Amino acid sequence: MFRRTFWFTAGAAAGVWATTKVNRKLKKLTPESLAAQAANKAIEAGHRLKDFARDVRDGMAEREAELDDALGLNAPVDAELPAQRRFAVIENHVKNNHVKNNPKYLENTTYSYNRNEDH
């Protein structure tokens, strides 16, 4: 009799354990759970991508500094060299019914003056 009770209890415990395990797996396969898992994976991938981009940017800055040193771009400017050329832009202003020319110099222009540049 003790043997039957033991096996009955062991079978019941195995059935409860198996049922609990199956229910957990089924809950993981619901659409809401799958959507949450996909969102978590996307967030993790985004973080990894951001870390990769940060590493690439740091490497680019480091390499640019190495190239600047190798080319001597960080060296102090020689006082004997001529000053950088400035571009004059002439604006026409109409005041009191006559035209007045005022040259205006631009130190740092964003326009390219390279005629060989493809457009």
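A residue counts as partly exposed when its relative accessible area falls between the limits for buried, under 20%, and exposed, over 50%. By that reading Arg63, with a relative accessible area of 46%, is partly exposed. The model described here is predicted, and its protein chain contains two helices and two strands, which follow the pattern α-α-β-β when read along the sequence. Much of what follows concerns helix H2, which covers residues 31–71.

**The chain as a whole**

- Of the 119 residues in the protein chain, buried residues make up 2%.
- The protein chain exposes about 11,900 Å², and carbon and sulfur atoms supply 58% of that area.
- Among the contacts in the protein chain with a separation of 6 or more, residues 24 or more positions apart account for 3%.

**Helix H2 and its end**

- Helix H2 has 41 residues, and at 1.5 Å a residue these should span 60 Å; the end C-alpha atoms are 59 Å apart, which agrees with that expectation.
- Just after H2 comes Gly72, which takes a positive phi of about 75 degrees.
- Ser33 has its place in helix H2, and this residue is buried because its relative accessible area of 19% is under the 20% limit.
- When residues up to four places away in sequence are not counted, Ser33 touches Lys27 and Lys28.

- The structure holds three salt bridges, and as background, side chains of opposite charge can pair when their charged atoms come close.
- Glu44 forms a salt bridge with Arg48, and the closest N and O atoms of this pair are 4.0 Å apart.
- Because Glu44 and Arg48 are four residues apart in helix H2, about one helical turn separates them.
- The two partners fall into separate classes of accessibility, since Glu44 counts as partly exposed at 40% relative accessibility, whereas Arg48 counts as exposed at 55%.
- Arg54 forms a salt bridge with Asp51, with the closest N and O atoms 3.4 Å apart, and both residues lie in helix H2, three residues apart, which is about one turn of the helix.
- Arg54 is partly exposed, with a relative accessible area of 41%, and Asp51 is likewise partly exposed, with a relative accessible area of 39%.
- Glu66 forms a salt bridge with Arg63, and here the closest N and O atoms are 3.2 Å apart.
- Because Glu66 and Arg63 are three residues apart in helix H2, they are separated by about one helical turn.
- Glu66 counts as partly exposed at 38% relative accessibility, as does Arg63, whose relative accessible area is 46%.

**A nonpolar patch on the surface**

- Leu49, Phe52, Val56 and Met60 form a nonpolar patch on the surface, and together these residues have about 430 Å² of accessible area.

**The aromatic pair**

- The structure holds one aromatic pair, and this pair is formed by Phe6 and Trp7, whose ring centres are 5.0 Å apart.
- A pair of aromatic rings is described by the distance of the centres and the angle of the planes.
- For Phe6 and Trp7 the angle between the planes is 75 degrees, and the pair therefore counts as edge-to-face, since that class takes planes over 60 degrees apart.
- Phe6 is partly exposed, with a relative accessible area of 47%, while Trp7 counts as exposed at 57% relative accessibility, because the limit for that class is over 50%.

Note on methods: Residues numbered from 1 in each chain as written. Predicted model: local features only at pLDDT ≥ 70, side-chain atom pairs only at ≥ 80, totals over all residues. Heavy atoms only, no water. Phe/Tyr/Trp six-rings, centres within 6.5 Å; stacked < 30°, edge-to-face > 60°. Buried < 20%, exposed > 50% of the residue type's maximum accessible area, 1.4 Å probe, protein only. Contact = heavy atoms within 4.5 Å. Areas by Shrake-Rupley, 256 points an atom, 1.4 Å probe, with all protein chains shown as cover. Expected span 1.5 Å × (residues − 1). Patch = residues over 30% accessible without salt bridge, like charges linked within 9 Å, V, L, I, M, F, W, Y side chains within 5 Å. Salt bridge = Lys/Arg side-chain N within 4 Å of Asp/Glu carboxyl O.
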